[in-house]
Amino acid sequence: MVRITTDSTADLGEDFEKYNVGVLPLNVILDGESYLDGVTVKPEDIYRTYNEKKVLPKTAARSPEDFKEFFERYTEKGEEVVHINISSKISMTHDNAVTAAKELEGVYVVDSLSLSSGTGLLVLYACELAQQGLGGKEIAEKVAARTKSVQASFVVDTMEYLHKGGRCSSLARFAASVLKIKPTIQVKDGGMEVGKKYMGSFDKIIGKYVEATLQTFDKPDLTRIFVTHTSAKPETVQLVKDKIKELADFKEIKETIASSTITSHCGRGTLGILYINDAE
């Protein structure tokens, strides 16, 4: 048997349990206390603490020792493990997982080169391969071959969290606020870069973002697409779903709420569409 595992940043929501995916939560340090993402801290805790104290959380990878203990839950039962984690260019999580895997037999670690449900898309693909009876090594190779095809991007509604976290200047934040600029964050080669910028209210520009993304990355695997957000308004999410249906015939449109780790850096209202872009 092959067990597919990942970290909490894969943002799969109920699909973690549905597909029996093993999940190692990352550390979130909030107001001086350390918590486990999705277990002892939720996005609502981050919003509340920031509103009350103007304190942003910090995030941290799990140690190689934590990973070894995590993998052993499955290897000691005779299972192989294929572990898919957040991009190595974003977190030390990948390096620590690789270090732990070297001490065990039958553990294969894949760098997703993505984040959030971009990683989640690869996790679900791995689950499907495991259901077909493939071995761990072959699953890991097939997943690794698709990593560069993942389209992962988000539109940020507010620059406040990025500014407080040192990821944008005061001038950039001021300009974005005055001009109502909404930047796109695009995952590319495992890192994050600023993409197209939109001007106007979030609900007015979000449809343009969806259309531009599907036009640019125009070979989608129509199996599924994620609409992932940090507590965006329900009507905004529905607007995005409707726009996707208008433009492409995805078999499944999955909505998921981003983890505390992702929320820590983006703030409330960030929304993105994510899919694998390698269809013939």
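User: Is Val150 buried or exposed, and what is its relative accessible area?

Analyst: Please bear in mind that this is a predicted model. Burial is read from the relative accessible area, and buried means under 20%. Val150 has a relative accessible area of 12%, so Val150 is buried. This residue is found in strand S8, residues 150–155.

User: Which residues is Val150 in contact with, apart from its neighbours within four places in sequence?

Analyst: With those neighbours left aside, Val150 is in contact with Ser114, Gly118, Leu121, Leu122, Tyr275 and Ile276. For Leu122, which is 28 residues from Val150 along the chain, the C-alpha atoms of the two residues are separated by 8.2 Å.

User: Leu122 also belongs to a helix contact. Which residues of H5 and H6 meet?

Analyst: On the H5 side they are Leu122, Tyr125, Ala126, Leu129 and Ala130, and on the H6 side Ile139, Lys142, Val143 and Arg146. By class, this contact has 7 nonpolar and 2 charged residues, and no polar ones.

User: At what angle do the axes of helix H5 and helix H6 cross?

Analyst: The axes of H5 (residues 117–131) and H6 (residues 136–146) cross at roughly 145° and come within 10 Å. The crossing is right-handed.

User: Where does the charged end of Arg146 sit?

Analyst: It sits over the ring of Tyr125, 4.5 Å from the ring centre. A second case is Arg268, whose charged end sits over the ring of Tyr47, 3.9 Å from its centre. Tyr47 is one of the buried residues of helix H2 (residues 43–53), which also include Pro43, Asp45, Ile46, Thr49 and Tyr50.

User: How should I read aromatic pairs, and how many does the structure hold?

Analyst: A pair of aromatic rings is described by the distance of the centres and the angle of the planes. The structure holds 4 aromatic pairs. One of them joins Phe70 and Phe71, with 5.8 Å from centre to centre and 45° between the planes, a tilted arrangement. Phe70 and Phe71 are both buried.

User: Why is the pair of Phe70 and Tyr74 edge-to-face?

Analyst: Planes over 60 degrees apart count as edge-to-face. The planes of Phe70 and Tyr74 stand at 90°, with the ring centres 5.7 Å apart, and the pair is therefore edge-to-face. Both residues lie in helix H3 (residues 64–75), 4 residues apart, which is about one turn of the helix. Phe70 and Tyr74 are buried as well. Ring pairs link Phe67, Phe70, Phe71 and Tyr74 into a cluster.

User: How does Glu72 count by its relative accessibility?

Analyst: Glu72, which also lies in helix H3, counts as partly exposed because its relative accessibility is 22%.

User: What is the phi of Asp11?

Analyst: Most residues other than glycine have a negative phi. Asp11 is not a glycine, yet its phi is positive, about 55°. Asp11 lies in the loop between strand S1 (2–7) and helix H1 (15–18). At 2% relative accessibility, Asp11 counts as buried.

User: Where does Leu113 lie?

Analyst: Leu113 lies in the loop between strand S7 (107–111) and H5. Its phi is positive too, near 55°. Just after H2, Lys54 likewise takes a positive phi of about 55°.

Key: Residues are numbered from 1 along each chain as its sequence is written. This is a predicted model: local features need pLDDT of at least 70, side-chain atom pairs count only at pLDDT 80 or more; totals for chains, interfaces and linings use all residues. Side-chain values use heavy atoms; hydrogens and water are left out. Axes are lines fitted to C-alpha atoms, for helices over the stretch in contact, and angles run from 0 to 180 degrees between N-to-C directions. Helices (H or I, at least four residues) and strands (E, at least two) are DSSP runs, numbered from the N terminus. A crossing is left-handed if the near helix is turned anticlockwise from the far one by less than a right angle, and right-handed if clockwise. Contact means heavy atoms within 4.5 Å. Ala, Val, Leu, Ile, Met, Phe, Trp, Tyr, Cys and Pro count as nonpolar, Asp, Glu, Lys and Arg as charged, and the others, Gly among them, as polar. Rings of Phe, Tyr and Trp (its six-membered ring) pair if their centres lie within 6.5 Å; planes under 30 degrees apart count as stacked, over 60 as edge-to-face and the rest as tilted. Buried means under 20% relative accessible area, exposed over 50%, partly exposed in between (1.4 Å probe, protein chains only). A charge sits over a ring if NZ of Lys or CZ of Arg is within 6 Å of the ring centre and within 35 degrees of the ring normal.
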